[in-house]
Amino acid sequence: VNEFDILVSDMNQNLQVLSYRPQLNYGFLSRMDKEKLYTKCMFHIATNVSDSVTMRFRNGSNYFKLGVCIDGSVHYLIPISEQIYGRLSSLQSQLIFYCQHFCGLNPREFRYCMNNYVAAKDTIRHSHVMHNHSALSAIHGMDRPSTVTSKNIIDHDLIQQFMSLDYRTQNKLTTNIGVRNSNVIISHLSQICSNTKWF
């Protein structure tokens with residue numbers, strides 16, 4: 001196997017997608033570092049995962065990860081195509097500015113990973129991070145800005161708010177991201193829901 005990804009949960013309540021890609025060139029990695037794993041994505045979930053299981057899509061085309069957490073919550077991690085990711089990622093940015101959020105909180109900021117870089121500026125969550133500044137921490141995202149490591153993943157809780165918007169607002173948002181009408185986004189979300197609806 002020339003390349004693979006690993007999903008892990010860390011003690012700082014982040015989900016991490018670790019990637020092994022020795023054939024690619026990275027500006028911050030040396031030749032020796034290419035033999036190691038690096039963090040492709042970090043996503044804060046505000047709880048620790050206690051166990052997980054891999055399940056197949058209902059149509060049998062792919063697999064997704066179902067995780068259970070110590071607070072009783074359940075999380076899904078679902079692979080999507082590059083085209084769907086591009087559309088939902090743009091829509092996610094639109095929803096952050098167009099929707100009213102509880103207590104005026106920023107959902108993007110909440111999903112930023114909690115690591116050494118964030119702890120230096122975040123006094124509220126500071127105590128939850130074990131500081132270990134090293135070259136390996138930089139590769140694994142512990143010393144890198146959250147804006148870099150929190151990419152490549154979509155917050156479904158935020159995207160799902162699109163379904164509760166009125167038709168005119170839906171079309172306005174989809175036009176802003178270059179999609180002809182809201183039915184395209186609704187189709188993507190319905191397909192994701194139907195493929196993972198086992199319970």
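This is a predicted model: local features need pLDDT of at least 70, side-chain atom pairs count only at pLDDT 80 or more; totals for chains, interfaces and linings use all residues.
View 1. Leaving aside residues up to four places away in sequence, D5 is in contact with V17, L18, S19, Y20, R21 and K40. One of these partners, S19, has a side chain joined to that of D5 by a polar contact of 3.0 Å. Another, Y20, lies 15 residues from D5 along the chain, yet the C-alpha atoms of D5 and Y20 are separated by 6.3 Å.

**View 2. N171 and its contacts.** Helix α7, formed by residues 167–176, contains N171. When residues up to four places away in sequence are not counted, N171 touches N181 and S182. A polar atom of the N171 side chain lies 3.2 Å from the backbone nitrogen of S182.

**View 3. The open sheet β4-β5-β6.** Three strands make up this open sheet, in the order β4-β5-β6, with antiparallel pairing. Strands β4 (49–56) and β6 (74–77) are at the edges; each has a single partner strand, so one side of each lacks a neighbour in the sheet. From one strand to the next, the twist averages 25°.

**View 4. Pairing of β4 with β5.** Strands of a sheet pair through backbone hydrogen bonds, in either a parallel or an antiparallel manner. Here, β4 and β5 (residues 63–69) run antiparallel and are joined by 7 bridges. Within this pairing, T54 is positioned opposite K65 of β5.

Terms used
Residues are numbered from 1 along each chain as its sequence is written. Side-chain values use heavy atoms; hydrogens and water are left out. Contact means heavy atoms within 4.5 Å. A polar contact is a pair of N or O atoms within 3.5 Å; within protein, one must be able to donate a hydrogen and the other to accept it, and residues adjacent in sequence count only if both atoms are side-chain atoms. Helices (H or I, at least four residues) and strands (E, at least two) are DSSP runs, numbered from the N terminus. Two strands pair if DSSP finds at least two bridges between them. Axes are lines fitted to C-alpha atoms, for helices over the stretch in contact, and angles run from 0 to 180 degrees between N-to-C directions.
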